[in-house]
Amino acid sequence: MSSTATANESTASADGVGAVALAPVNARLSAEEKIELFRQMVRIRRFEEFSIRAYQQRKIGGFCHTYIGQEAVAVGSISVLGADDHIITAYRDHGHALAVGMTMNECMAELYGKYTGCSKGKGGSMHFFAPKRNFWGGHGIVGGQTPLGAGLAFALKYLGKSGCCLCYLGDGAVNQGAFHESLNLAALWKLPVIYIIENNYYSMGTSQTRSSAGSPLAKRAEAYDMEWDVINGNDLYEVREKTEQAVRRAHEDHAPAILEMQTYRFRGHSMSDPEKYRTKDEVEERKQNDPIILFRRTLEEEGVLDEEAAETIDQEARAEAKASADFADQSPEPPAEELFTDIYKDDAQLRASLEAQKQKL
Amino acid sequence: MAKITYRKAVNQAIAEEMQRDDNVFLMGEEVAEYNGAYKVTEGLLDRFGAKRVIDTPISECGFAGLGVGAAMYGLRPIVEFMTWSFSLVAIDQIINNAANIRYMSGGLIHIPIVFRGPANGGVNVGATHSHTPENYYANVPGLKVVCPATAYDAKGMLKTAIRDNDPVCVMENTILYNEEWEVPEDEYLIPFGQADIKRKGTDISLIAHGRAVLAALEAARMLKDEEGIEAEVVDLRSIRPLDIDTIVESVRKTGRAVLVEENKPFCGVDAQVSHVIQDRAFDYLDAPVKRVSALDVPQPYNDTLEKMVLPDAQRVYKTCLAIL
């Protein structure tokens, strides 16, 4: 536990949550909107549980990194965005995908590698995309998406739009050179990009204390004269409040920032992780700060949610997740011709060689 | 027709496309205020302003990736590498991101970006600065790779690259920057995947790309002058897509092929060309296919040694005689 002891243990007290809830971005939420945020977190949780089940049944292959435990980060931060704001993340992308409004069906089908998946079965768990929903992936190489996030912000500024880009990364990505190059460019050129470090304390099986010098991680922003903050990533209201502030600065001043959201993943790094690097006690202790339980308690205290309504939401989310698994199961495999599409947009001169390969199948 | 340098041809291509499309912008190390490390981008900052001609820090991974992100959103970046040797610290962004995002997104996104700069040895700068990476980038589905050998080809192909909707790697050559060729004043584009017969011949095919085309042309002249042999010189121009038909047609006609490149030989571009010939023109061959590549050693600093590493007309000439 020593490796993970930090500031986030507990703004979870009723007083702490209450104080944060007073922030305008939260105070102006209607009861329905609050319930909707709760519903989104529950949907992610149940979706991931069905993805785990399907993986164990070998219906999902490859790598599958679940978002269980981190739901408040994606749901809270994405919920404050406007029409010109954009999102890009790393390989633990299912939560962000659902939070931007991608359907469980297209996501689950992609996990199953089916033709009905968001990438027609050609991207997989780590590579979900939905540009129409301002969601630019889903990127498999640790830290590789961080210059892309700066590029999206660059394009927004170049085109005179007022939006910004939220670029998520894990705590393991902060030691990649690409991240530091991105920070320098973002600060130097005043790009409206907000780097959200989802700190779950483990870069795969290596704890933060064994991989990263300096704490908190967000402090690295100081080297680039960039704003930074450390946030309880399990507290949806706090995530919303701090993200909204950073988004406003990005909109008004093109100011980049790093927000470190301290959270925890309750499952292994991926499905093949025996989790020998942490104790069961540590995981159980962290589950006391389960973001869904914390927000449910808050909403119950506020009188906007009761047990019956919470149960209904949970049952609906389970049913939706199960239906998505059934949908994926029954969906067709991508046809062999799909091997040869989507490689190039302008492929006139390449069709012959692609066709020749197809003929040999 | 007026003659201009290869350098000026590249400059004109960039300027014309920036004039044509506001979403085209140029970034790289020293491209703006310094006017380009090799003066290729001279005058562009004055003409188009700092918003569109952007000096970057020495941070290839960062600005190459930033370009990819901007291209996802619809801008059309031209990313200059001071040399392609420096692209090696940005290779993750070029291969994992620029080349793969379209496929992994099931076609939802495309990446209209140009990576360009010189890729050559021969200037006494040692192994780290002398890479010719057209073979490794051409190995990647999703990328297009072109190696123009003349000012005419450089201008026409770079303009095509900037209008192309996929990532294109344009590999130039610092030794060619000062060379002059005839270039028309009227606009023209050169499509990818079309090799160019730089010299017609009937006795042997010399197939080359990049600056090696000039060595092949010189060897062809020597063969004519010394032996009365008519060599055909095929300039690939584009590595991916590769113009297989023109290669095969030439070899079927001449029955003999010598492949010339400044690329290293092991798993090099001409290993692929050689395969294409045995696959599609095997029955037409009167002799084994021969290759004249750079020597399979790191690039030495020493001038005398480096001259031995790169293919020259003499080596091409001798190799041709061995199979004629």
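Between chain B and chain A of this predicted model, the number of salt bridges is 0. Polar contacts are present, however: 19 residue pairs, both members at pLDDT 80 or more, are in polar contact across the two chains. On the side of chain B that touches chain A, several elements take part, and β2 (24-28), β3 (53-55), α3 (60-72), α4 (91-99) and α5 (101-104) of chain B each supply at least two residues. The largest share comes from α3(B), with 10 residues. By class, this side of chain B consists of 24 nonpolar, 16 polar and 12 charged residues.

In total, 52 residues of chain B are in contact with 42 residues of chain A. The area buried between the two chains is about 3,800 Å², and carbon and sulfur atoms give 67% of that area. Of the area that chain B buries against chain A, 21% is supplied by Tyr73(B), Tyr103(B) and Met104(B), more than by any other three residues.

The largest pocket holds about 1,100 Å³ of space. It is lined by 33 residues, of which Ser353(A), Arg240(B), Leu242(B), Ile244(B) and Gln272(B) are the closest to its centre. Both chains contribute to the lining of this pocket: α14 (351-360) of chain A supplies at least two residues, as does each of α6 (134-138), β12 (238-240), α9 (244-254) and α10 (269-281) of chain B. The lining of the largest pocket divides into 18 nonpolar, 9 polar and 6 charged residues.

The second largest pocket has a volume of about 490 Å³. Its lining is made up of 31 residues, and those closest to the centre are Tyr91(A), Arg92(A), Val142(A), Met204(A) and His269(A). Two strands of chain A, β2 (165-170) and β4 (202-203), each supply at least two residues of this lining. In the second largest pocket, the lining residues comprise 12 nonpolar, 15 polar and 4 charged.

Note on methods:
Residues are numbered from 1 along each chain as its sequence is written. Chains are lettered from A and ligands numbered from 1 in the order in which they are written. This is a predicted model: local features need pLDDT of at least 70, side-chain atom pairs count only at pLDDT 80 or more; totals for chains, interfaces and linings use all residues. Side-chain values use heavy atoms; hydrogens and water are left out. Contact means heavy atoms within 4.5 Å. Buried area is the accessible area (1.4 Å probe) that two parts lose on being put together, summed over both. A salt bridge is a side-chain nitrogen of Lys or Arg within 4 Å of a carboxyl oxygen of Asp or Glu. A polar contact is a pair of N or O atoms within 3.5 Å; within protein, one must be able to donate a hydrogen and the other to accept it, and residues adjacent in sequence count only if both atoms are side-chain atoms. Helices (H or I, at least four residues) and strands (E, at least two) are DSSP runs, numbered from the N terminus. Ala, Val, Leu, Ile, Met, Phe, Trp, Tyr, Cys and Pro count as nonpolar, Asp, Glu, Lys and Arg as charged, and the others, Gly among them, as polar. On a 1 Å grid over the protein atoms alone, a cavity is a set of points where a 1.4 Å probe fits but cannot get out, and a pocket is an open set with protein on both sides within 12 Å along at least five of seven lines; lining residues have an atom within 4 Å of a point. Grid points are joined across faces, edges and corners, and a volume is the space filled by probe spheres set on the points.
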